[in-house]
Amino acid sequence: MEPSAPRRRVTIVDVARHAQVSTTAVSKVLRNAYGASPEMRSKVRRAIDELGYRPHAGARGMRGQTYTIGVMLPDIRNPFFPEVLDGITHALEDTEYQVLLGPGCNGEKAEARVTEAMIDRGMDALILIAPVSRRDHLESVAGAVPTVVVGRHGSSPVYDTVVNDDVEGACLVVGHLVGLGHRRIAHIDHLETDPTRLAEMPNARRADGYRQAMRAHGLAESIDVVSTSYTQEGGYLGAKQLLDRPLRPTAVFAGADVVAMGVLEAVAEAGLSVPGDISVAGYDNTAFAALGPISLSSVDQAGHEIGSNAARLVQDRIADRSRPSVQVRLSPALVPRRTTGRPPEADFARLGSA
């Protein structure tokens, strides 16, 4: 049996004939241009649906727009980032824009390859989620295409940003644990050495917030930070270090929910219970944090809202490249669950008699 011939692509001419209008009229409807009556728009849209016409992205790009927005995700294994992506796609679902993803892989070279590929393919704008690239690279990207940066606290005159108040979020966790009676509260951070990223990245801000809150509660001498990575393995390795302390902490604040998963694994492996022997709190309030068997106390930084704000800003930036840059800062909220409780009885008794 001979293979069937490939189906011919439906063209704008086919749509015009089917709708019994001119190709100019179809073009106006596709571009949402002035001069197309409601009746004409209805006829053309009906013909497009009936024929299954899809505009050629390359041809649209030559006319100035491809109606694609590139989104760079640093790590597809982190369950928080899909929530941001969901907010982006939901905000764009009633527009002509399509979202195309690229993995940044938490590295400057990988991010550069992804952003350059997106620019080369004529995408109308980029949303970069928690990029680790240098500021000059981000500004170079924004100079070439409208850009919104998610999760970087530094502002720029050439790109918009959406961030969570990570210092406040960390303070909420420490305040919650202190309120339960904890004093030996440790933090697992993402190892960072670059000065700019230390000033701008969420992990660094959360570590700063932890230190500030510990000092504010009179616990400066109990500050204990282990720097590993924002991964489950990083949480596991960090918790192993903390559990080997001569006087182990009674609570661990993990800088992200995915890190907290590694902490829970290490605690269970050590034969300890949560929160009976040690309390654990995360950050991001991802979907699995609310699962009954896990029930992780976590900071909700509204990932869906972060994504929808990024989508709004990127459309505004496409419409007006010269407008002043905007930074949206969202307020976090703590969601206490079963992984945090009072410290072990002996510790709590000592605190009561102090």
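I take a helix to be a DSSP run of H or I with at least four residues, and I number helices from the N terminus. The model I am reading is predicted.

**Entry 1. Helix H6**

I began with helix H6, which covers residues 108-120 and has 13 residues. From its first C-alpha to its last, H6 reaches 18 Å, close to the 18 Å expected at 1.5 Å a residue. I then looked up which residues of H6 are buried, and found Ala110, Glu111, Ala112, Val114, Thr115 and Met118. These buried residues pack against E1, strand E2 (98-103), E3 and helix H7 (135-144). After H6 I noted glycine 122, whose phi is positive, near 75°.

**Entry 2. The nonpolar cores**

I next turned to the largest nonpolar core, which has 26 residues. Ile88, Ile127, Ile129 and Val162 are those with the most contacts inside this core. At least two residues each come from strand E1 (68-73), helix H5 (81-92), strand E3 (125-129), strand E4 (147-150), helix H13 (303-319) and strand E11 (327-330). Which element gives the largest share of this core? I found that H13 does, with 6 residues.

As a general remark, nonpolar side chains tend to be buried together in soluble globular proteins.

**Entry 3. The open sheet**

I traced an open sheet of 6 strands in the order E7-E6-E8-E9-E10-E12, with mixed pairing. Strand E7 (224-228) and strand E12 (333-335) stand at its edges; each has a single partner strand, so one side of each lacks a neighbour in the sheet. I noted a twist that averages 20° from one strand to the next.

For strand E10 (residues 297-300), I looked up the pairing with E12, which is antiparallel over 3 bridges. Serine 298 has valine 335 in E12 as its bridge partner. Helix H8 (residues 166-180) touches strand E6 (185-190), strand E8 (251-254), strand E9 (279-283), E10 and E12, and its direction makes about 165° with that of E9. Helix H10 (residues 202-216) touches E6, E7, E8 and E9, and its direction makes about 160° with that of E6.

**Entry 4. Salt bridges**

How many salt bridges does a search of the whole structure find? I recorded 14.

I examined arginine 197 and glutamate 108, whose closest N and O atoms are 3.1 Å apart in a salt bridge. Arginine 197 lies in helix H9 (residues 195-200) and glutamate 108 in helix H6, so the pair ties together parts 89 residues apart in sequence. Arginine 197 is buried at 15% relative accessible area, whereas glutamate 108 is partly exposed at 29%. I found both in a network of salt bridges that links Glu108, Arg134, Asp136, Glu192 and Arg197.

A second pair is arginine 77 with aspartate 75, again a salt bridge, with the closest N and O atoms 3.1 Å apart. Are these two partners buried or exposed? Arginine 77 counts as exposed at 69% relative accessibility, and aspartate 75 is buried at 8%.

Last, I noted a salt bridge between the side chains of arginine 312 and aspartate 316 (3.9 Å, N to O). Both lie in helix H13, 4 residues apart, about one turn of the helix. Arginine 312 is partly exposed at 38% relative accessibility, and aspartate 316 is partly exposed at 33%.

How values were computed
Residues numbered from 1 in each chain as written. Predicted model: local features only at pLDDT ≥ 70, side-chain atom pairs only at ≥ 80, totals over all residues. Heavy atoms only, no water. Core = buried A, V, L, I, M, F, W, Y, C linked by side-chain atoms within 4.5 Å. Buried < 20%, exposed > 50% of the residue type's maximum accessible area, 1.4 Å probe, protein only. Expected span 1.5 Å × (residues − 1). Contact = heavy atoms within 4.5 Å. Pairing = 2+ DSSP bridges. Axes fitted to C-alpha atoms, helices over the stretch in contact; angles between N-to-C directions. Salt bridge = Lys/Arg side-chain N within 4 Å of Asp/Glu carboxyl O.
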